[in-house]
Amino acid sequence: MNYLKNTLPLCCVLLLLFAVSTGSAFAFSGGPPNEVTGAPNESTCVQCHTGNDLNVSGGSLMLAIPETYEPNEVYTIVVNLSRTGQSRWGFEMTALDADGARAGSFAADEAENTKLSEANSKQYIKHTSIGTAQGTTDEHSWEFQWTAPDADIGPITFYAAGNASNGNFNPVDDYIYTEQKESTPPIPVVADVSLEVVGDTALSTTDAVAGVSYTLKVTNTGNMMDTVSLEASAEVGIEGTVLGSFSENSIALEAEASAEVTLTVKGDLLTTPGDYAITVTATSGTDNTMMAEVTTTTTIEMPPPPPTPWDVNDDGTVNIQDLVLVANQFGESGEGLKGDLNGDGTVNIQDLVIVASHFGEDTSN
């Protein structure tokens, strides 16, 4: 007889304990043994509650955990177990890193619905006798706190097993469910921006007031939405200013998105001819140390001299030859007549008067 007692399997011993228990709906009303969460190298409660397959349809175990965690932050964990018709409940949970080591710390709730235990350097949180919520039908939840590790240790997996019992003192009427969910460290925010000129970086104009236009491509090279601001330098001189302005001064961009803006470079009426370098800076609104620059070089050229139609032969001097050319076309009408100095469509006395009024002028300057 003693030999038989010593060789009884552990599960049978537990079932016998269940059978003589008068205040328990399943073998471990005060909390299951350690290492039955379904985590790697662990079993589940189904080893003793053998009446039904693991995770049989009709019930569920759901875990509410943080999708991402910050080191040392405290989070509320919710374990919800449900199956229609069941009326007593149990669970066990652990949190492990990728190597299967303990990750963070659980804290039992103040109402004493949960308690803590440790085994093989792992921590477990599980139901208490009070926490079985006997008489609560169809579903039950446990809520407690978990403190994240004091450093980023990579992904953390929460493993849990739950027992949905009907409280009839028979483990074959229990249903065991398992679930696991992962919490990851937050993705670091990366802010960056790039800037380039689409097409030529150097243009020229004889009209400093109208200026020239460049197309710039702005790209958010960070990993989150960002608002990029644009600024342009100015060339200021004694005789005027050349500056840049934008079609948009700031642009909201999704990660990796690009947009084109127009940079107009122009000066005022007093600006002298020359080469003007305008530097454009694009700055991240998320991190203002992240910037990109491009430089355009605009050449403002000497405007052509005003037209001098009275120098009809364009030899640089208004003289008798110009009068002769107008006189030769006297009385003609039409377009493109060189002797039609006032553009009225007819070569007449008015055109001769124009030549005479500028007679002797040097038009070469």
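**Contacts, cores and a helix pair in a predicted model**

Analyst: In the protein chain, 67% of the contacts with a separation of 6 or more join residues 24 or more positions apart, a contact being heavy atoms within 4.5 Å. This is a predicted model, in which local features need pLDDT of at least 70, side-chain atom pairs count only at pLDDT 80 or more, and totals for chains, interfaces and linings use all residues. Residues are numbered from 1 along each chain as its sequence is written, and side-chain values use heavy atoms, with hydrogens and water left out.

User: Why is Phe158 called buried?

Analyst: Buried means under 20% relative accessible area, exposed means over 50%, and partly exposed lies in between (1.4 Å probe, protein chains only). Phe158 has a relative accessible area of 0%, so it counts as buried. Buried residues make up 40% of the 365 residues in the chain.

User: Which residues is Phe158 in contact with, beyond its neighbours within four places in sequence?

Analyst: Among them are Leu63, Ile77, Met93, Phe106, Trp146 and Lys181. Phe158 lies in strand β8, where a strand is a DSSP run of E of at least two residues and a helix one of H or I of at least four, numbered from the N terminus. Glu182 is 24 residues from Phe158 in sequence, yet their C-alpha atoms are 6.2 Å apart.

User: What makes a set of residues a nonpolar core?

Analyst: The set must consist of buried Ala, Val, Leu, Ile, Met, Phe, Trp, Tyr and Cys residues joined through side-chain atoms within 4.5 Å. The largest such core has 26 residues, and Val79, Met93, Phe106, Phe144, Trp146 and Phe158 have the most contacts inside it. Strands β1 (59–64), β2 (74–83), β3 (88–96), β7 (139–147), β8 (156–165) and β9 (175–183) each supply at least two of its residues. A second, separate core has 25 residues, including Val197 and Tyr276.

User: How do you know how α3 runs relative to α4?

Analyst: Axes are lines fitted to C-alpha atoms, for helices over the stretch in contact, and angles run from 0 to 180 degrees between N-to-C directions. Helices α3 (residues 320–328) and α4 (residues 349–357) pack at about 175°, with axes 10 Å apart. Under 35 degrees is roughly parallel, over 145 roughly antiparallel, 65 to 115 roughly perpendicular and the rest oblique. The pair is therefore roughly antiparallel.

User: Which residues make that contact, and of what class are they?

Analyst: Asp322, Leu323, Val326 and Ala327 of α3 meet Asp351, Leu352, Val355 and Ala356 of α4. By class there are 6 nonpolar, no polar and 2 charged residues.

Note on methods:
Ala, Val, Leu, Ile, Met, Phe, Trp, Tyr, Cys and Pro count as nonpolar, Asp, Glu, Lys and Arg as charged, and the others, Gly among them, as polar.
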